Amino acid sequence: LVCRLKSSVSFLTRPDRPNLAYHKLKGRNPGVIFLPGLNSNMNGQKAIALEDFCSSLGHAFIRFDYTGCGSSGGKFKECTIGKWRKDVLSILDELTDGPQILVGSSLGGWLMLHAAISRPDKIAALVGVAVAADHLVTTFKKLPIEIQKEIEEKGEWKLPTKYNEEGYYSLTYNFIREAENHCVLNSPIPITCPIRLIHGMKDGDVPWQISMQVADRVLSKDVDVILRKVGQHRMSEKEDTKLLVNTVDDLIDKLATLA
């Protein structure tokens with residue numbers, strides 16, 4: 001794995017925005033693009049497993065870091081859902097030709113829905129892993145009013161997490177306010193491509209019910225929700241990764257048949 005992480009990282013330069021770090025594998029379409037979760041990066045287990053799979057199949061693949069994350073430019077604390085959404089669209093517009101399958105993990109699953117709404121002609125299919133649609137906003141709004149007020153005054157929300165040493169992710173109050181503009185679950189979601197939603201029922205971070213809500217809201221009829229009874233949030237056990245790869249494999253077959 002060590003040599004893998006040294007594999008050449010490229011940068012997408014943008015006139016008005018920070019550079020985006022990415023790793024691209026040339027190959028045939030549909031290409032696959034991996035969208036990481038909050039505070040994650042392109043070197044995660046799922047991203048690497050998908051890259052290996054696409055490589056063996058000869059399909060194009062891209063993994064990348066959002067602004068303020070991993071090797072990309074910009075400051076995390078200045079980021080918003082809107083900026084990250086634009087990152088995904090930059091990758092799609094600048095680095096890909098033809099149909100793409102987006103694979104979004106957690107927060108990446110929320111962003112993937114936005115990308116599919118904005119670029120319906122480019123997105124052939126979606127695969128969500130523990131999709132966190134609206135989740136940060138929903139979680140914030142469930143807090144007692146006095147806590148919400150306190151966060152507003154301090155300007156900072158310490159969202160508890162078990163994935164780093166501090167024990168929390170620090171998000172600005174502005175981040176939450178801006179995120180409200182990007183909620184998708186309160187009305188029908190205008191996406192019509194095939195969608196697969198994988199979620200672990202032991203997910204302690206993002207409830208699996210969100211995947212059901214997404215399935216219910218999208219206009220697409222070709223939607224499968226795959227619930228893994230013992231699955232955790234990260235879905236990175238060997239069997240979980242196998243399920244993800246098989247799901248993408250099946251979609252590629254299906255799209256070939258449709259074409």
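Is Arg177 buried, partly exposed or exposed? Select Arg177 and you'll find a partly exposed residue, at 42% relative accessibility (buried is under 20% relative accessible area, exposed over 50%, partly exposed in between, with a 1.4 Å probe and protein chains only). Before going further, a word on the ground rules: this is a predicted model, where local features need pLDDT of at least 70, side-chain atom pairs count only at pLDDT 80 or more, and totals for chains, interfaces and linings use all residues. Residues are numbered from 1 along each chain as its sequence is written, and side-chain values use heavy atoms, with hydrogens and water left out.

Glu180 makes a salt bridge with Arg177, with 3.7 Å between the closest N and O atoms (a salt bridge is a side-chain nitrogen of Lys or Arg within 4 Å of a carboxyl oxygen of Asp or Glu). Glu180 is partly exposed too, at 26% relative accessible area. By this rule the model has 12 salt bridges.

Next stop: pick Arg196 and Asp224. Their side chains meet in a salt bridge, 3.4 Å from N to O. Arg196 sits in strand 9 (residues 195-200) and Asp224 in strand 10 (residues 223-228), so the pair ties together parts that are 28 residues apart in sequence. (Strands here are DSSP runs of E, at least two residues; helices are runs of H or I, at least four; both are numbered from the N terminus.) Arg196 is buried, at 9% relative accessibility, while Asp224 is partly exposed at 37%.

Asp222 forms a salt bridge with Lys254, the closest N and O atoms being 3.2 Å apart. Asp222 is in the loop between helix 8 (209-217) and strand 10, and Lys254 is in helix 9 (residues 238-258), so this pair links parts 32 residues apart in sequence. Lys254 is partly exposed, at 31% relative accessibility. Salt bridges with shared partners join Arg196, Asp222, Asp224 and Lys254 into one network.

For the last stop, colour residues 32-133. An unreviewed UniProt entry places "domain: AB hydrolase-1" there; UniProt positions follow the numbering used here, feature names are shortened, and annotations may be inferred rather than shown by experiment. Over residues 32-133 the chain is 39% helix and 23% strand, with the end C-alpha atoms 20 Å apart.
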